[in-house]
Amino acid sequence: KKASIGVTGLAVMGRNLARNLARHGHTVALHNRSEQRTRDLVEQFGDEGDFIPAYSAQEFVDALERPRQIVIMVKAGAPTDAVIEEFAPLLEKGDVIVDAGNAHFADTRRREAALREQGLHFVGTGVSGGEEGALHGPSIMPGGSPESYESLGPLFEDISAKVDGAPCCTHIGPDGAGHFVKMVHNGIEYADMQLIAESFDLLRGALGYEPAQIADVFRTWNTGRLDSYLIEITAEVLAHTDAATGKPFVDIVTDQAEQKGTGRWTVQIGLDLGVPISGIAEAVFARSLSGSANLRAASRGLPGPSRTPLSGAAAETFADDVERALYASKIVAYAQGFNQIQAGGAEYGWDIDLGAVAKIWRGGCIIRAKFLDDVSAAYAAEPGLPTLLTSGDFRKAVEDAQDSWRSVIATAVRLGIPTPGFATALAYYDGLRAERLPAALVQGQRDFFGAHTYRRVDREGSFHTAWATSERAESPA
Ligand code: 6PG
């Protein structure tokens, strides 16, 4: 019997994907650079399903049914190219190579184009949900040709998470579309995490709550519209006590957030596309600031206000205010992320169904949340929706959150609690809804020093004012 799919790269993500496939009744060929990992998998989990261990690239390829489907799960970058180079010459027209790592979509586009020349399908696939997700049901975002999805789709849908019976897997679009969408998923993940972290900091700084109390607040929030995996695990982390010291876990961890780079990519591409994804950008910068140890050490003595906790009526409503501010800021972060997907789709000619993306993010992935039901519905109802902020329930939620959102940020500013995520979300919102922006003045400045010209509100065309002359006469440019 031959295998319907093969997995090469059997570190924890690859191993769990292979086990997930086998547990669903698919025969899985296994390959790893060092043979030991392959042997270990078969030894430890061989009874979970049908595995065909292969100890050379040729053996692996020979173990597969046609069209062959090979899932690569190795480190993004050069290791991925090395594996492709190893297998591509052994494959035949119509075979499919899947890269399930966190590759940059530009690399995926390059690889897809090169392999297409050889008659091979290359599918860059986003897989989210960490180790547990890979084993029990991730959210899967495959790019590549529609043809490749015909054979791969049923397998991936089978092993993906399910929400209301619907698989958390859909064909995103051609070439790099899947990895692009996974990249933005991670950018949104950064923003969501930062907003939750700011909420924690606010509850602690303005109310004097202990981490365990804040865990309870998050647990309560998790029963409402903020119901999500990230809120759930936040409560767990906050409630955890360090065994060695008896202190809250959050107080013994170094406060320098790291990043493997997908959030940074999202912001870089956001800049290239000219999409204002300020919430994601602030989240990436907040991590960079946290990690700037020397800068922080040098700045520690700088003056700030005293942090007297709130009292009275303000204290009583504060946690609810933060919940509203968090929800409104979260809507902004998602609105920005979805706009980036829209812009990427337009730039690269992918016809991405935003409602379908929101739908497959409802389960399996790190940003899975009840809220994504409504996002999905909003885009299903209006695929060309300019921004989530104007859509029915979200518009109403932001309207209801207005006063709380502003007052929470005002409190943060007054007490000197940094809330870049909340603040940039509100600034984005106020910027979008503004009748007039001071960008008109920026145009005037640009024309003054560089004759960069401007357009007028009342006439067509471009104009320049002769700023250096006393007449300051205007002429068409
Ligand atoms: C997922 C995660 C996963 C990974 C992140 C972590 O969707 O399963 O996003 O891909 O955990 O890349 O990213 P950082 O190390 O950059 O925080």
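Leaving aside its neighbours within four places in sequence, which residues is Gly 461 in contact with? I started my notebook there, taking contact as heavy atoms within 4.5 Å. Gly 461 touches Tyr 454, Arg 455 and Arg 456.

**Ground rules**

I am working with a predicted model, where local features need pLDDT of at least 70 and side-chain atom pairs count only at pLDDT 80 or more, while totals for chains, interfaces and linings use all residues. I number residues from 1 along each chain as its sequence is written, and side-chain values use heavy atoms, with hydrogens and water left out.

**Gly 461, continued**

I found Gly 461 in the loop between strand 10 (454–455) and strand 11 (462–465). Strands (E, at least two residues) and helices (H or I, at least four) are DSSP runs, numbered from the N terminus. Gly 461 counts as partly exposed, at 38% relative accessibility. For that label I use these cut-offs: buried is under 20% relative accessible area, exposed is over 50%, and partly exposed is in between (1.4 Å probe, protein chains only).

**The whole chain**

I counted 20 helices and 12 strands in the chain. The radius of gyration is 25 Å, close to the 23 Å from the globule rule for 477 residues, so the chain is as compact as a globular protein of that length. The radius is taken over C-alpha atoms, and the rule is 2.2 Å times the number of residues to the power 0.38. Along its principal axes, the C-alpha trace spans about 80 × 65 × 45 Å. Of the 477 residues, 49% count as buried. Among contacts between residues at least 6 apart in sequence, 67% join residues at least 24 apart.

**Aromatic pairs**

My search of the whole structure gave 15 aromatic pairs. Rings of Phe, Tyr and Trp (its six-membered ring) pair if their centres lie within 6.5 Å; planes under 30 degrees apart are stacked, over 60 edge-to-face, and the rest tilted.

I looked at Phe 105 with Tyr 348: the ring centres are 5.3 Å apart and the planes are at 70°, so this pair is edge-to-face. Phe 105 sits in helix 5 (residues 105–117) and Tyr 348 in helix 15 (residues 312–348), so the pair ties together parts that are 243 residues apart in sequence. Phe 105 is buried at 2% relative accessible area, whereas Tyr 348 is partly exposed at 27%.

Next I checked Phe 218 and Trp 221, an edge-to-face pair with 5.1 Å centre to centre and 85° between the planes. Both are in helix 9 (residues 211–221), 3 residues apart, which is about one helical turn. Phe 218 is buried at 0% relative accessible area, and Trp 221 is buried at 8%.

I also noted a cluster in which ring pairs link Phe 105, Phe 180, Tyr 348 and Trp 350.

**Arg 362**

Is Arg 362 buried or exposed? I have Arg 362 down as buried, at 13% relative accessibility. Arg 362 is in the loop between helix 16 (354–360) and helix 17 (371–381). Leaving aside neighbours within four places in sequence, Arg 362 has contacts that include Val 163, Asp 164, Leu 372 and Asp 373. Lys 247 is 35 Å from Arg 362, C-alpha to C-alpha, and 115 residues apart in sequence.
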